[in-house]
Amino acid sequence: MERVLYFDVCAIVIMLILFASIFLHKMTKGRINRSFLYGVICCLLAAVFDVCCEMFGIWLPVHEGNTWIRTLFFYGYFVFRNLTAVVYYAYLISLTDTWHKLAGSLWLKLIFAVPYSSVIVALITNPWTGLVFYFDETLQYIRGDGIYILYASSVIYLIAGFCHLMRYRKLFSRSNLVALTLLFPLTAGAVLFQFIFPNLLVEVFATVIALMFIILTVQRPEENVHPALGIANSQAHTFLIKRAFFNHKPFDLILIRLVNHSSILTILGTEVLNQFLLVIIDNIRKLCEENKIHASISYLEQGSFALMIDGKRDMEKTEVLAKQLNRMLKKNMMMEQYMLSLLAHVCLVHCPKDIHDPQTLSAFETSFHTTPNPSGKIIHAAKLIEQSNFHMNAELGSIISRGLANHSFEVYYQPIYSITEQRFSSAEALVRLKDEVYGFVPPGLFIPAAERNGTIYQIGEYVFEEVCKFIKSDAFEKLNLTCIEINLSVAQCMQTDLAAKLIETAGKYQVAPEKINLEITETAVEKSREVMLNNLDTLKNAGFRFSLDDYGTGYSNIQRILALPLQIVKLDKSFADQAEQADMQIVLQNTIRMLRELNLEIVVEGVETKEQVDLMTNLNCDYIQGYHFSKPLPKTEFITFIQKHL
Ligand code: C2E
Ligand code: CA
Ligand code: CA
């Protein structure tokens, strides 16, 4: 029966294409890439030798004189065909970074070494034993029983590889796992197929198909390598981190952030920036080499790099490298006609000492990329974590959900003093969250987080409803307050149904809208002008009033402010803080005069001392809010406070 070689020929063609692609993408460095490359080479050689073996009798005559070369070709085929399974197992070990497990276990070492050694022994002794194959009197190729040693060897590597992959499946995305698993059923199916139809040589072809799937999903340079910089991207970095934690391998991380990245980008453009980043990468590599430190360098976008270093070495060496990097990144850098001065922050993280899971590390990386570092020295993660409520920050999402579920939000009230009426005439409602683990969580932390994850709507509704209940209570009536101020965050103002909801709730509790003053900020106008103005218009027509909060913190745009239906402007605490400085008094005088001429009332926030109160009174402000009179108080304490001052 004539053997069909087309499958092998196809396999060779595909393999040459894979080969070219690997070299074109420079995917030849590193253990993973190298073991994959070896796999492709083994498969290619197996296919070539298979064709060489089978072409005798099809295209070339068989005679005594060429038996030796046929024998050699068969050897080549068996050696490389069997090596493919070994290399695939090695590839999986590299991918999961678990060579140390193999080194530490006698069983694994035996599984890795014995089967293929048996194959080699069987092949070496074959000329004398004819165990694997021989040629009979008619020069026909005859399989010996020893061929089963070869099959058994491959089966052992495939089973070991499969078990290994399943054990580490959590490291991989679904698609990657499917691609990596595909080789097993494909190979088994092909062996079975060829057993039934021995003239169709599909075994190598099946392996090539599996390798192709892997190169399309797992070994994809587009997904793991930054196209312009040629180093690992943030996805690859995330995988490395996940893998190290999964394998309990200690590592050090040096995080670098180029603070002036975006200004370089805006001024000089992407191309120059990339050339510039390449120079930096080169310098980083040089420093690593000088320090004899092997680091995987990744680019995490927006001017951030991460260097991952094996943590078994002594920490001091990493520390030295971090310091040198910090120094290097402060020098001016000449590139073509540009002289650029860098502004970079460097942070050192020891894992798992400082941070012990990938999620927290990822949250830390994000927070590092936004934390200012005026000192210019290298930042130690341990210190930053200690200082910056980092753990609380990382968990804000769950703290908020916990708070909503357990009803641990509460509304406090801070009295506002009317200078003209000489009494407490209103109050600001300020939300508080007491967490079972972290205690009081500052609103300055959880309000922005709630805006990001959307829970601000629930929190806002809760505060509004609580205030309505309070205003409707008998106790409130006796306090003779004109109104309560409620903060609206930017995200709330951007909600199209905000006005309808507030009007509905106020109606439900039969609260006159005049009793409520909504505090808005200028940022809300910037973010979503149309929705915001619609909301304000509807609310104003319903009878609600508005205060502009935090005036003087941003670049106040008077034109924009005048477009808002405002009653009150609240001067930010920074005014009170600097009120005693001569030039600030000029600013204050003029600001206050202007606001008054525009028919706006003025509240000064954050007034803490008697001197500040006197100054603000002289400057003709209408209201004062601050610790000097009272901190924000729980409802019952607030009622007592006001009653006492009636
Ligand atoms: P804000 O609206 O500017 O509120 C005033 C903040 O200044 C409050 O901080 C208040 O406790 C504090 N404060 C008042 N007087 C003094 C003083 O004399 N000295 C000092 N150092 N601080 C003073 P708090 O309660 O921590 O709130 C922080 C921010 O969180 C608020 O700033 C507001 O933007 C937001 N927030 C608070 N409650 C709510 C709420 O119910 N809804 C929304 N959307 N945001 C809220
Ligand atoms: Ca406020
Ligand atoms: Ca304020």
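Tutor: The second largest pocket has a volume of about 880 Å³, where a pocket is an open set of points on a 1 Å grid over the protein atoms alone, each fitting a 1.4 Å probe, with protein on both sides within 12 Å along at least five of seven lines, and the volume is the space filled by probe spheres set on points joined across faces, edges and corners. Of its 35 lining residues (those with an atom within 4 Å of a point), Glu428, Leu430, Pro443, Asn487 and Asp549 are the closest to the centre. This is a predicted model, in which local features need pLDDT of at least 70 and side-chain atom pairs pLDDT 80 or more, while totals for chains, interfaces and linings use all residues. Residues are numbered from 1 along each chain as written, chains are lettered from A and ligands numbered from 1 in written order, and side-chain values use heavy atoms, without hydrogens or water.

Student: How many nonpolar, polar and charged residues are in that lining?

Tutor: The lining divides into 14 nonpolar, 10 polar and 11 charged residues, with Ala, Val, Leu, Ile, Met, Phe, Trp, Tyr, Cys and Pro counted as nonpolar, Asp, Glu, Lys and Arg as charged, and the others, Gly among them, as polar.

Student: Now the metals: what coordinates the calcium ion (ligand 2)?

Tutor: Its donors (N, O and S atoms within 2.8 Å of the metal, or 3.2 Å for Na, K and Ca; water is not among the atoms, so sites may look incomplete) are Glu428 (OE), Asn487 (OD1), Glu519 (OE) and Asp549 (OD), at 2.1 to 2.3 Å.

Student: Is aspartate 549 buried or exposed?

Tutor: Aspartate 549 counts as buried at 8% relative accessibility, since buried means under 20% relative accessible area, exposed over 50% and partly exposed in between (1.4 Å probe, protein chains only). Glutamate 605, at 12%, is buried too.

Student: Changing topic, how many disulfides are there?

Tutor: The count is 0, with a disulfide taken as a pair of cysteine sulfur atoms within 2.5 Å. The sulfur of cysteine 42 is 7.9 Å from the closest cysteine sulfur, in cysteine 43, which is too far for a bond.
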